[in-house]
Amino acid sequence: MTDETIRKAQCSCGQFSVTVRGDPEWVNLCNCHDCQRRTGSAFQIAGFFRESQIIENTGERTEFHRPTQEGRTMDLEFCPVCGVSVLFRLKLRPGMMAIHAGCFADTGFPAPDRIWFAHRAHPWVVLPPGKNMTPAPD
Ligand SMILES: [Zn+2]
Ligand SMILES: [Zn+2]
């Protein structure tokens, strides 16, 4: 059963980790300029999990609260030692936490099924077809 899948995400140095049970409710790929800056990459990918799926959430973290275009906030948690951003929460989605897919280092992680800010994508990025494309978080 996929519901029994246990996955552990962690930062680069490993002191900040979060372990979850089951698949994410959805996986988001965001091309917005902020996600490009904060990941240092072309886009971010994050799995949205219910807080009740968390088995363990350990380690020191620093928080950064960023205002969003919609006037809410995005609350990021990153490792104060190695600087890797492991997860974030959106005021828009109470009871959920988004964990960056790369922190799982798991090629079996579900593919993105929600694409945000497709119009900001780098021209060489080929987005998965037939997905829920929205200009901003829905
Ligand atoms: Zn770290
Ligand atoms: Zn974004």
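Trainee: Among contacts in the protein between residues at least 6 apart in sequence, what share join residues at least 24 apart?

Mentor: This is a predicted model, in which local features need pLDDT of at least 70 and side-chain atom pairs count only at pLDDT 80 or more, while totals for chains, interfaces and linings use all residues. Residues are numbered from 1 along each chain as its sequence is written, and chains are lettered from A and ligands numbered from 1 in the order in which they are written. Two residues are in contact if their C-beta atoms, placed from the backbone, lie within 7 Å. Among contacts between residues at least 6 apart, the share that join residues at least 24 apart is 52%.

Trainee: What is the radius of gyration of the protein?

Mentor: The protein has one helix and 11 strands, these being DSSP runs numbered from the N terminus (helices H or I, at least four residues; strands E, at least two). The globule rule, 2.2 Å times the number of residues to the power 0.38, gives 14 Å for 138 residues, so the protein is as compact as a globular protein of that length. Taken over C-alpha atoms, the radius of gyration is 14 Å.

Trainee: Which strands are the edge strands of the open sheet?

Mentor: The open sheet has three strands in the order E1-E2-E5, with antiparallel pairing, where two strands pair if DSSP finds at least two bridges between them. Five bridges join E1 to strand E2 (residues 17-21). The strands that each pair on one side only are E1 (6-10) and E5 (54-58).

Trainee: Does phenylalanine 48 count as buried or partly exposed, and why?

Mentor: Phenylalanine 48 is in strand E4 (residues 44-50), and beyond its neighbours within four places in sequence its contacts include Trp26, Arg93 and Met96. A residue is buried if 20 or more other C-beta atoms, placed from the backbone, lie within 10 Å of its own, exposed if 12 or fewer, and partly exposed in between. Because phenylalanine 48 has 19 C-beta neighbours inside 10 Å, it counts as partly exposed.

Trainee: Which residues have the most contacts inside the largest nonpolar core?

Mentor: A nonpolar core is a set of buried Ala, Val, Leu, Ile, Met, Phe, Trp, Tyr and Cys residues joined through C-beta atoms within 7 Å. The largest has 19 residues, and E2, E4, E7 (73-78), E8 (85-90) and E9 (96-100) each supply at least two residues of this core. Apart from it lies another core, of seven residues, among them Leu29 and Trp116. In the largest core, the residues with the most contacts are Val18, Val86, Leu87, Ala98 and Ile99.
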